[in-house]
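Subject: Salt bridges in the attached model

Hello,

Here is the structure for your files. My notes on its salt bridges follow below.

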Amino acid sequence: MSKIILAIESSCDETACAIIKDDKLLSNIVSTQIEVHAKYGGVMPEIASRLHAENIGIVIKEALHKANVSLNEVDGFAITRGPGLIGALHVGMQAAKTLSLLYKKPLIPVHHLAGHIYANNFVGKLQFPLLAIVVSGGNTEFVIMEKDLDFKIIGRTKDDAVGECFDKVARVLGLPYPGGIPIDKNAKLGKHIYHLPTPLHDDSFDFSYSGLKTNVINLVHKHEQNNDPININDMCKSFQDTAIDMIVEKARKAALKYHVKQIVLAGGVSANSYLREQMINTAKKIKVDIIVPPMWCCTDNAAMIAMVGSMLYDRHVFAPLDISVDPNWEIEDYLKFN
């Protein structure tokens, strides 16, 4: 039987709503706040929450209009429960709860990172077991999946996420926020001439980016004090190589150890051209299939939440209306709502 899922995403600085009918995406509306937060060099949580409250009704209305669907036709309301900024998450959750209550349709809680992983479904079919490389401004995790909606974290960052590290390095280099795009662009024009440390260069699948970030900041300041400015293109190349190569090498080892059939990239940093290139080459060398998400699905959106929401609807994974958001929700606990 055909089903229509309306999904809402508001975990950080994008207010989004998408509608999916079975496997067909009917609409995907995203209102971004990047220009506002760029003034501060990062996301300001209170401002983000306020803007979500202003925009949530608009994006829902536009998504319904574009999909040519009425709220009465919706079979379930999917919502990002976490992880994310607590105030931002609450705006989306209250909107979804209200719709669920008014139209007497199920409320479907979706894990934000599961959404990023399943964004790959828009371009290919997931093959299990697989290794999901989840890299964003708030997360750096390796997740093994033996089957659909089965998540096991085998490695994660011990401090800063890789995307956060990109943003902070960009800031000290005088590049705009978010830092991933300008660093990627400048790196193409530079040479790897600066020696930077590779923290946690061990046999684990964990990461650490705090030391790399601090080393870059100290090196930039040292050169400034000596009236010998850093070459921005060369530093971008040196930093990006070091940050990304760590992910690629650990991914190669994890893929071989867990005998995966496929590797998928997920999260904002999966848009990085060097990461995509290196992971595609690595997968080819070890004879493992790989999917990279479409560029439009790398940043936060509701289409990916709708994709997971549709799968959870089929499994009758619904939440009570007294559910709360969980900014620290672990992907391994996606069925636990208390």
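The side chains of Lys 253 and Glu 249 form a salt bridge, with N to O at 4.0 Å; the term means a side-chain nitrogen of Lys or Arg within 4 Å of a carboxyl oxygen of Asp or Glu. The two residues are four apart in helix H8, which puts about one helical turn between them. Lys 253 is partly exposed at 32% relative accessibility, and Glu 249 is partly exposed at 29% (buried is under 20% relative accessible area, exposed over 50%, partly exposed in between, with a 1.4 Å probe and protein chains only).

This is a predicted model, in which local features need pLDDT of at least 70, side-chain atom pairs count only at pLDDT 80 or more, and totals for chains, interfaces and linings use all residues. Residues are numbered from 1 along each chain as its sequence is written, and side-chain values use heavy atoms, with hydrogens and water left out.

Helix H8 (residues 232-257) also holds Lys 237 and Asp 241, again four residues apart. Their closest N and O atoms lie 3.2 Å apart, in a salt bridge. Lys 237 is partly exposed at 22%, while Asp 241 is buried at 7%.

Arg 156 and Glu 141 make a salt bridge at 3.1 Å, N to O. Arg 156 is in strand E8 (residues 152-156) and Glu 141 in strand E7 (residues 140-145), so the pair ties together parts 15 residues apart in sequence (strands are DSSP runs of at least two residues, helices of at least four, numbered from the N terminus). Arg 156 is partly exposed at 30%; Glu 141 is buried at 7%.

Regards
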